[in-house]
Amino acid sequence: MRDAAPPPVLALALARELALLGAEAAVREREASTFDAAAGFAHAPERFRELGARMRACLLQQDPMVARLRGRLGLSEEGTWLVVLAAAVEAHPECAAAMSILAEDERVHLVTPAAFARLLVSAQGVPFERALSEAIAGGPAERMGLLERIEVAVQKPLAQVPVRLSPAEARRHLLGDVPDVEPTQLAVTREPPSRMLGLPRALVEGARAILDEEGVLCLRAGTARTSRQLGLDLASVAGETAFLVGTGADEPPDAAEVMRLRGGLPVVDLHAACQSRPFPEPWIRMVSRHLPAVVLLVPHNAYTGGWPTVDLPELDLDSRRRVFEAEFGEGPVASALALRFRSSLDEVRAASRAAATKQRLSGGASSGVEAEGVAAELLAQGARKMGRLVTHLSSRAVFDDLVVPPHLRDTLVDIVGFYRAAPRVRAEMGLSGTSPLGRGLSCLFSGSPGTGKTFAAQCLASALGLNLYRIDLSQVVSKYIGETEKALSRVFEEAEAGHGILLFDEADALFGKRSEVKDAHDRYANVEVAYLLQRMESFEGISILTTNLRSNMDTAFLRRLRFVLEFPMPDASMRTSLWQRSLPPAVRWAPGLDLRPFVERFTLAGGSIYNIGVSAAHLAAAEPDGLVRIEHLVRATYRELEKVGLGRSREDFGPLAVHLPGQEQELNGKLRVWARGRA
């Protein structure tokens, strides 16, 4: 309960007086044989003119309702009085009765466009058509959600269809209920002001000065993360809440919904909208007329025309450290997370809240969250953003589990060191952007199937504490011209937000040798290859291409990749290790089980050996003692050879052939035939 009623509003009182005077005039005119609605009321013209003068004077005073409708929402004079008159109908029952008289329908107790237009003609001399256009279906006040139209059972002209205040507006005017954000259907995230700025203060304060002067500021960057951080800083430097309006749609959000955001700084992400269509200047002009300030996030290649624009690089190490310090304070936690992640403050806050919730559910203390908990949530946050274009490969693989030649292991360790040292090289050694290979860390893993290419990528992701995303080429490659580039752009941008390694498995399907241009499809296929190479270089992360045939790859790729690794088929010593690692522990082996015949006879890759081990374990588990026997390995090997298309005759198995499926029955049959012949 409120202690006192809200103070009286002058505009409401004037609207009540206007409705009652109009009803009085309508009753008098019923006695006349004819009347002209466009000319207003003939009754009491002096009283109407005097009331109209007071209404015009009210617009110049500090009436709270008028200040909001005219100043903050930018409604015209006619639109303002339409909303005020609808509010008066809700506040004063006599006004509702008066509107019934004006509508000449005892069932209608609301404002009709025709009655409203006639009242304004009489009181203020506004042309009838102009007032009517403000009130009929689709007027500004209705588009902004201030009014709603009531459909009547009997079909009537638009001028006779009544309107009323929306429930939210009724609460606002009648109860003084003024929320900091008006009800909206937008996906809006509210971020309170931060005690620290992520980007340099001089940049933020300069951008804020431009925003205050122009009312609109475009932030142009490669990804929305950097520009979103500046949007948060622009709100924080003024002590405002930032309203992050996120949209992945190919068009801007509904302008009326954005125009209703109040009590903070709207920051609207237009990255997706600007990729598929021209820069939305009409939309911006409409929104800027109704908002004191708005920040727009646009991609790096967006042409913003004459609108004030700030071009931003990616978040550097110092900015990332300040972002984490804003949430966790100065110290080793913020420094360690900044080295590992490129995140804006809203992402860090969301991860911190999620980590705190998980900690409470597990019975932990609620006083603070640990760095690893926040790191885990940042990784999970990134994985959820990737959508159906990728598959998140979850693995705890480590380099000790990887069976490859020593020089390959050393190169993989070098890749880890290269990635970790990259921020320091760019920040302290003055080599930022000078390399002809760009800033990306792109690798090619080639070799026969099953030699450990994908497993090596999993080991890299585990060593660096990153997600591993395998690209689903069926979702990325499109037969429609230009759609492949759009999908690839989304993959790279979301990978940077998700702190992950991109894995293009069997990459020669997409990145093979460029074809001779014979038609438009060949030309655009080559454009896709060129675009991928360019995007891989600008991608500030690790991208890995795997292929079974290195010769199928375009040489332009090979020259510009940072690391090229060839995974050979394992030799005998490596196969021995692989067989041992693929089987259950030795205590689960049958006595006398010897792996040497399998190592020597079958030149298999690690993936095939692993499949054999899993299959043999299942065969053993189906028996009472659960021990892996030689016959289990033979049967599993036979099936794997059949699957990969290798020889599986008795000669290939040699002495092991006695354990082949059906061989024991065949041998017994031959013995019986031999015995009958002897008899």
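A residue is called buried when its relative accessible area is under 20%, exposed when over 50%, and partly exposed in between (1.4 Å probe, protein chains only). Helices (H or I, at least four residues) and strands (E, at least two) are DSSP runs, numbered from the N terminus.

The model is predicted: local features need pLDDT of at least 70, side-chain atom pairs count only at pLDDT 80 or more, and totals for chains, interfaces and linings use all residues. Residues are numbered from 1 along each chain as its sequence is written, and side-chain values use heavy atoms, with hydrogens and water left out.

**Exercise 1.** Determine how many residues of strand β4 (residues 216-221) are buried, and which strands pair with β4.

*Solution.*
Step 1. Six of the six residues of β4 are buried.
Step 2. In a regular strand the side chains alternate between the two faces of the sheet. From β4, Val216, Cys218 and Arg220 point one way, while Leu217, Leu219 and Ala221 point the other way.
Step 3. Two strands pair if DSSP finds at least two bridges between them. Strand β7 (residues 294-299) pairs with β4 in the parallel sense over six bridges, with Val216 opposite Val294.
Step 4. Strand β8 (residues 309-311) is also a parallel partner of β4, over three bridges; here Leu219 stands opposite Val310.

**Exercise 2.** Describe the packing of helix α4 (residues 77-91) on helix α5 (residues 93-103).

*Solution.*
Step 1. Two packed helices are described by the angle between their axes and the distance between the axes. Axes are lines fitted to C-alpha atoms, for helices over the stretch in contact, and angles run from 0 to 180 degrees between N-to-C directions.
Step 2. For α4 and α5 the angle is about 115 degrees, and the axes lie 5 Å apart.
Step 3. With contact meaning heavy atoms within 4.5 Å, Ala88, Val89 and Ala91 of α4 meet Pro93, Cys95, Ala96 and Met99 of α5.

**Exercise 3.** Give the strand order of the open six-stranded sheet and locate helix α20 (residues 453-464) on it.

*Solution.*
Step 1. The order is β9-β11-β12-β13-β10-β14, with mixed pairing.
Step 2. At the edges are β9 (390-392) and β14 (563-567), each pairing on one side only.
Step 3. From one strand to the next, the twist averages 25 degrees.
Step 4. Strand β10 (residues 441-447) pairs with β14 in the parallel sense over five bridges, and Gly447 has Phe567 of β14 as its bridge partner.
Step 5. Helix α20 packs on the sheet and touches β10, β11, β12 (500-504), β13 (542-547) and β14; the direction of α20 makes about 150 degrees with that of β10.
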